[in-house]
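Work through the exercises below with the sequence and the structure at hand. Try each task before reading its solution.

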Amino acid sequence: MNSLLLQLPIYDYLIILCVFIYIAKQGYFREITENALKIVSKNKIWMILFVIIIILLVCYVDYPVSHFFEQNRDIKALEVIQIIGNTIGNGKFLYPMLATLTVIGILFKSDKSKFFQTCKISFTSCIYGGIFVLIVKSIVSRQRPFVEYNPYHFFDFLQAVHAHALLGFDYSSFPSGHAIVASSAIVVFAYAYRKNLLGKLLWLYPVIVMIARVYSLNHWCSDVFTGVLCGSVIAIATYKANAKRLRLERFHG
Amino acid sequence: MDKLFLQLPIYMYFMALVVLFITFKEGYFNSLVQNFIKQFKHIKYVVLSLIIIILIIAFIDKPISTAFALHSNAHILKITQIGDMMGQGVFIYSLLATFIIICALLKMDGKFVVVSKCALASSIAAGIFVVIVKGIFSRERPCVALDPHHIFAYHLAMLHHQFGKFNYVSFPSGHTITMAAAVAPFIFIYWKTIWGKILILLPLFVAFSRVYGIYHWTSDVFTSLILGVMFGYAAISSKSIKERLAK
């Protein structure tokens with residue numbers, strides 16, 4: 001499955017780069033940060049509640065859950081979810097998939113339709129989420145559960161330097177990149193098609209990624225929860241920044 | 001290098017398929033086969049080519065392949081691996097499809113895009129043609145036995161359970177015909193520029209690589225070069241394409 005979905009040749013990188021240029025040129029990246037900040041400031045109480053939940057997760061849930069999964073490695077249903085979740089949450093799966101859909105829309109000259117517009121918004125949100133998570137991961141520098149079962153290793157620069165892994169995989173646990181990229185891409189679709197059953201079912205997508213990342217001991221519970229939260233805020237901010245394009249389509253349609 | 005150029009994920013197949021569909025819809029395949037067949041009306045050239053191919057089979061194939069089999073240089077072999085890679089359909093089709101997609105994304109719509117679509121149509125047609133012809137001729141490859149006269153070797157192929165498989169599909173060279181058919185439209189249209197002349201080197205390099213690696217006889221690659229150029233010319237010689245190029 002990996003060679004079919006995750007091994008990208010040079011052509012795909014070139015196409016993704018050109019889709020990025022095409023989307024940036026059309027102004028899809030405008031006003032996302034402002035909208036995200038607006039959402040955060042408008043929902044201050046919710047944000048404080050989420051921060052409290054994250055702290056509680058770090059203190060009381062992270063260690064027991066990861067320890068439980070470490071002790072029980074033969075849960076077959078979770079093995080399947082792990083394989084699927086780790087693949088569908090990977091940027092190497094989501095970026096080319098969204099770029100491919102965007103290209104297909106452009107080649108068929110139907111990129112103004114609701115679905116292909118949503119694809120472009122989703123791609124924008126996904127890119128934004130990817131950049132955001134890279135910055136936050138390198139600042140927080142949290143140790144992953146498979147390195148040591150201690151969820152309190154935040155800002156662990158000294159140990160990372162000692163292990164020659166500063167900004168490396170082992171010390172970039174918080175927040176989960178898979179969860180943030182998956183939710184920033186999929187929540188756009190879930191939000192755009194919120195009146196459909198399919199739109200509601202799409203919320204399962206980030207949940208599968210969350211379970212897979214925690215079960216595979218790549219992340220703590222708090223990492224994936226924060227990832228999905230940040231990804232959702234980015235997705236809704238990107239959607240709102242570009243909602244006029246969808247309304248325009250509906251008007252012309 | 002293979003990972004970078006030849007291992008395609010499912011997305012690339014989807015995009016290539018859509019590009020192919022669009023190229024087909026825009027009429028780039030129209031009368032390609034008729035134009036290809038029309039070229040056989042130049043009987044003089046056809047007979048001359050056939051005589052040259054027969055002479056190559058009789059006098060050149062064996063000495064050249066034997067020489068390369070006995071005295072191959074490791075450094076040259078490494079270079080010819082690049083030629084082998086460049087002649088693969090996966091490389092050529094993906095490259096042309098990527099180029100067409102990038103042009104659509106960057107809203108470039110010039111002569112170069114039309115020629116690229118012609119090149120894609122011509123190389124795909126050549127690719128389909130070569131698969132059929134290879135099966136009919138069923139020629140043994142030099143890497144199996146250094147006997148260039150094993151053409152229509154169905155009995156040998158059956159005996160070794162290799163009918164229609166790699167070892168018995170030497171004539172003509174698939175790599176060379178695909179590259180020649182892809183490059184020919186560019187050469188015909190941009191012949192007056194330096195790039196048009198430099199492009200000739202590409203199919204020649206692929207042809208040399210296939211012979212040097214003992215995957216093909218000299219007559220295989222020579223035939224492929226001729227057929228590839230014919231396909232390339234056929235792709236740009238229909239009326240509608242000429243009108244598009246004139247714009």
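**Exercise 1.** How many helices and how many strands are there in chain A?

Solution. This is a predicted model, in which local features need pLDDT of at least 70, side-chain atom pairs count only at pLDDT 80 or more, and totals for chains, interfaces and linings use all residues. Residues are numbered from 1 along each chain as its sequence is written, and chains are lettered from A and ligands numbered from 1 in the order in which they are written.

Step 1: take helices (H or I, at least four residues) and strands (E, at least two) as DSSP runs, numbered from the N terminus. Step 2: count them, which gives 13 helices and 0 strands for chain A.

**Exercise 2.** Does the radius of gyration of chain A agree or disagree with that of a compact globule?

Solution. Step 1: the radius of gyration is taken over C-alpha atoms, and the globule rule is 2.2 Å times the number of residues to the power 0.38. Step 2: for 253 residues the rule gives a value near 18 Å, and chain A, with 19 Å, agrees. Step 3: for the extent, the C-alpha trace of chain A spans about 55 × 45 × 35 Å along its principal axes.

**Exercise 3.** Find the buried residues of helix α3 (residues 32-42) of chain A, and say how they are placed around the axis.

Solution. Step 1: a residue is buried if 20 or more other C-beta atoms lie within 10 Å of its own, exposed if 12 or fewer, and partly exposed in between, with C-beta atoms placed from the backbone. Step 2: in α3(A), the buried residues are Ile32(A), Asn35(A) and Ala36(A). Step 3: these residues lie on the same side of α3(A), because they cover an arc of only 100 degrees around the axis; the arc is that of the directions from the helix axis to the C-beta atoms. Step 4: the face turned away from the buried side carries the exposed residues Glu34(A), Leu37(A), Ser41(A) and Lys42(A). Step 5: the cover over the buried residues of α3(A) includes α7 (114-140) and α12 (221-241) of chain A.

**Exercise 4.** Which elements give two or more residues to the side of chain B that touches chain A?

Solution. Step 1: two residues are in contact if their C-beta atoms, placed from the backbone, lie within 7 Å. Step 2: by this rule 21 residues of chain B are in contact with 21 residues of chain A. Step 3: the elements are α1 (2-5), α2 (10-25) and α6 (89-105) of chain B. Step 4: α2(B) gives the most, with 8 residues.

**Exercise 5.** Where in chain B do Lys107(B) and Ser138(B) lie, and is each buried or exposed?

Solution. Step 1: most residues other than glycine have a negative phi, and most peptide bonds are trans. Step 2: Lys107(B), not a glycine, has a positive phi of about 55 degrees and is found in the loop between α6 and α7 (111-137) of chain B. Step 3: Lys107(B) is exposed, because it has 9 other C-beta atoms within 10 Å. Step 4: Ser138(B), not a glycine, has a positive phi of about 40 degrees, and its place is in the loop between α7 and α8 of chain B. Step 5: Ser138(B) counts as buried, because it has 23 C-beta neighbours inside 10 Å.
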